[in-house]
Amino acid sequence: MLTKEAFFQNGIDVLLADKTALLRNKSIALVTNDVAKTNEGVSTRFALQQQGFRLKKLFGPEHGLQATGADGAFQAHGKDALTGLPVV
């Protein structure tokens, strides 16, 4: 894990730090999985939700939200236990 003194930031950390971010007042969906984290190790989807971003839906990539699905296998739609959001 990186420290706050790191010489770079992930895009999510820049977005969360930008108090004028264009997405703050928009309804948004997010393509993500469990390995997407902030520099402090917080789930990207949870961090966005906690900072007041209006997440409406999550899209899991090929291996699903938990990143455990088999290559090319269908991932069932459901509800994210962490955020309560629908997952497609």
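**A tour from patch to salt-bridge network**

Start by selecting phenylalanine 59: this residue is partly exposed, with a relative accessible area of 34%. Here, buried means under 20% relative accessible area, exposed over 50%, and partly exposed in between (1.4 Å probe, protein chains only). The model is a predicted one: local features need pLDDT of at least 70, side-chain atom pairs count only at pLDDT 80 or more, and totals for chains, interfaces and linings use all residues. Residues are numbered from 1 along each chain as its sequence is written, and side-chain values use heavy atoms, with hydrogens and water left out.

**Stop 1: the nonpolar patch**

Phenylalanine 59 lies in strand β2, residues 54-59. Helices (H or I, at least four residues) and strands (E, at least two) are DSSP runs, numbered from the N terminus. Together with Phe59 they make a nonpolar surface patch of about 240 Å². Patches are made of residues with over 30% relative accessible area and no salt bridge; like charges are joined within 9 Å, nonpolar side chains (Val, Leu, Ile, Met, Phe, Trp, Tyr) within 5 Å. Accessible areas come from the Shrake-Rupley method with a 1.4 Å probe; for residues, only the protein chains shown count as cover.

**Stop 2: lysine 37**

Go to the loop between β1 (27-31) and α2 (44-50), where lysine 37 is found. Its relative accessibility is 37%, so lysine 37 counts as partly exposed. Show its contacts (heavy atoms within 4.5 Å). Leaving out residues up to four places away in sequence, lysine 37 touches Asn10, Ile12, Val42, Ser43 and Thr44.

**Stop 3: the salt bridges**

How many salt bridges does a search of the whole structure find? It finds two. A salt bridge is a side-chain nitrogen of Lys or Arg within 4 Å of a carboxyl oxygen of Asp or Glu.

Select aspartate 34 and arginine 45. They form a salt bridge, with the closest N and O atoms 2.8 Å apart. Aspartate 34 sits in the loop between β1 and α2, arginine 45 in helix α2, 11 residues apart. Aspartate 34 is partly exposed at 28%, whereas arginine 45 is buried at 3%.

Aspartate 80 lies in the loop between β3 (78-79) and β4 (86-87) and arginine 45 in helix α2, so the pair ties together parts 35 residues apart in sequence. Both arginine 45 and aspartate 80 are buried.

End with Asp34, Arg45 and Asp80 shown together: they are linked in a network of salt bridges.
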